[in-house]
Amino acid sequence: MVKKAEVVNLNFSYTDKRILNGVSLPIYENRITALIGPSGCGKTTLLRCFNRMHDLYGAIQYDGKINLFPDELNILSDEIDPIEVRMKIGMVFQKPNPFPKSIYENIAYGLRVRGVKKKSFIDEKIEDSLKKASLWNEVSDRLNSSATSLSGGQQQRLCIARALATEPDILLLDEPTSALDPISTAHIEELVTELKKSVTIVMVTHNLHQAARTADYTSFMYLGEMIEFGESSQIFTNPKEQKTENYITGRFG
Amino acid sequence: MAIRSEFSTPQSLKRRLRNFKESLIGLSLFLCALSSVLITFGVIYTLISEALPFFKDVSLKNFILDREWTPLFENPQYGILTLMSGTFLTTAIALTIAIPLGTVAAVFLSEYCSHRAREIFKPLLELLAAVPTVVYGYFALLFITPLLQKIIPSLESFNALSAGLVMGIMIIPYISSLSEDAMRAVPLHLREGSLAMGASKLQTSFNVIVPAAFSGIASAYVLGISRALGETMVVAIAAGLQPRLSLNPLESTQTLTAYIVQVSMGDLPQGSIGYRTIYVAGLVLLILTLTFNLIGQNIRARMENKYK
């Protein structure tokens, strides 16, 4: 199994309040890693460390490493520009957030930000990423209509296509289906499973069934600490830690 | 003590009294709302009824095509375009200043400023709108014009340029304040979405936040345009009282509003044609402002359809 990234003994504080406490876990290439745990356990905070989103708000402190392979480069280092981190690591949010632009421009956005000007290349990328996000058949005849006219599920797939267009090393999904209906959710899960062929995925989810269905690896977090990491089949059927078992059997959370 | 509530019959006094009170309040609220509508119609009626007789003496063709506005001369001419050119010229200069500066100020306040800095900057900027316009007028005449004359020696001492510039400064807070409100109302998840794509703050501000807030920003522009069209003191003091069909900003010019001020301060006999021109100018001004408001509303509605 090839590591795409690894979190090494990561502590994270916001305004002197410790939120993550000595978290370590590997992220394997072309696999889906799910982060689960009760509200406030720090799973979203951990996810947002991967693309340095916390840097936008100041008064934060990273202590520890997230190494990106193959160079084993610590992306939390002060010497690394957070914008360059975000160029390599894409993110899809809880609520679909298409820009108030056309479908075409939404996907072209990341390419334009990276200075791509060639129209034929952009066109090609748009078709390619919409196909990967299994949205192409639904929107190919109306690429110029507003992205906000799409349904919630379509919008979320558009956001996935938008992130894929820039060929990220890792794709972060922050509860990508929590604002969607069951049918759209099933659609996204199917899509995510398909996507791992081409991209490494880290996904935060509240939905344990979703983690069990889609993720190859699952890590259970509690009160800012990593309690257990392992293959999803093991975590959900035969957890080693009592806390993990209590959580997945619904005794708390 | 237990609280008990019982059903009342439709005939009961308590219920009839309550219904009466409710309808009384409803009526008085309606009357308050109605009063502003009635006043607007009253203004329009006065303007039209006083302006219409004017067109018995002056044909619409002359009114539109004459190239001079000299209603008080021996051989009067009534080319309204003369005054309109003054209004358009000063408004255009003002907007050239106010729209870019106001928008950029709004982007700064909304996207770049820390909370504490905004608490200082915003009231200071809004102070610009609190300065009396007569002060702006003399500021333009006695400070800006001499300053500009050092750069442009051919500048007349009354001119559209300095009046327009100062008017622009005056309008900045209207545009920046409303635009900033609109930009700050853009949901955080759009901002984060753009930044997560690897966009810089600047790219996010102009490619995502400004378009997303555009219906609000357009309202701010429309308000700015209306303010500029209707502004009186600054142009009456600094732009001069010389009606001229020209778009040369270095010369003196007269706007619709400045004309109204000039003529209504004299003692024209009521009902004379000179007296009527005040109402005619007022009517044209109203139509202009209304047109821009309608255009603005139209843009806003289209934007909202597109982005909602």
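Predicted model: local features only at pLDDT ≥ 70, side-chain atom pairs only at ≥ 80, totals over all residues.
A polar contact is a pair of N or O atoms within 3.5 Å, of which, within protein, one must be able to donate a hydrogen and the other to accept it. With that criterion, and with both partners at pLDDT 80 or more, six residue pairs are in polar contact between chain B and chain A.

**Interface between chain B and chain A**

- The contact draws on 26 residues from chain A and 21 residues from chain B, and the two chains bury about 1,900 Å² between them, with 62% of that area on carbon and sulfur atoms.
- Of the area that chain B buries against chain A, 34% is supplied by B:Glu192, B:Ala196 and B:Met197, which is more than any other three residues give.
- One salt bridge is found across the interface; A:Arg48 forms this kind of link with B:Glu192, and the closest N and O atoms of the pair are 2.7 Å apart.

**The side of chain B that touches chain A**

- Two or more residues each come from α8 (188-196), α9 (201-212) and α13 (273-307) of chain B, and the largest share, eight residues, belongs to α8(B).
- By class, the residues on this side of chain B divide into ten nonpolar, eight polar and three charged.

**Cavity**

- The count comes to one cavity of 30 Å³ or more, and about 40 Å³ of space lies in the largest cavity.
- Residues of both chains line the largest cavity, with B:Ala196 and B:Met197 from chain B, and with A:Arg86, A:Met87, A:Lys88, A:Ile89, A:Gly90, A:Met91, A:Arg114, A:Ala163, A:Thr166 and A:Pro168 from chain A.
- The elements that give two or more residues to this lining are α2 (82-88) and β6 (89-92) of chain A.
- The lining of the largest cavity has seven nonpolar residues, two polar residues and three charged residues.

**Backbone features of chain A**

- A cis peptide bond with omega of about 10° joins A:Phe69 and A:Pro70, and A:Pro70 is found in the loop between β4 (60-68) and β5 (73-74) of chain A.
- A:Glu175, a residue other than glycine, has a positive phi, near 40°, and its place is in the loop between β7 (170-174) and α7 (182-195) of chain A.

How values were computed:
Residues numbered from 1 in each chain as written. Chains lettered and ligands numbered in written order. Heavy atoms only, no water. Contact = heavy atoms within 4.5 Å. Buried area = accessible area lost by both parts, 1.4 Å probe. Salt bridge = Lys/Arg side-chain N within 4 Å of Asp/Glu carboxyl O. Polar contact = N/O pair within 3.5 Å; in protein donor to acceptor, adjacent residues only side chain to side chain. Helix = DSSP H or I, 4+ residues; strand = E, 2+ residues; numbered from the N terminus. Nonpolar A, V, L, I, M, F, W, Y, C, P; charged D, E, K, R; others polar. 1 Å grid on protein atoms, 1.4 Å probe; cavity = no way out; pocket = protein on both sides within 12 Å on 5 of 7 lines; lining within 4 Å. Points joined across faces, edges and corners; volume = space filled by probe spheres on them.
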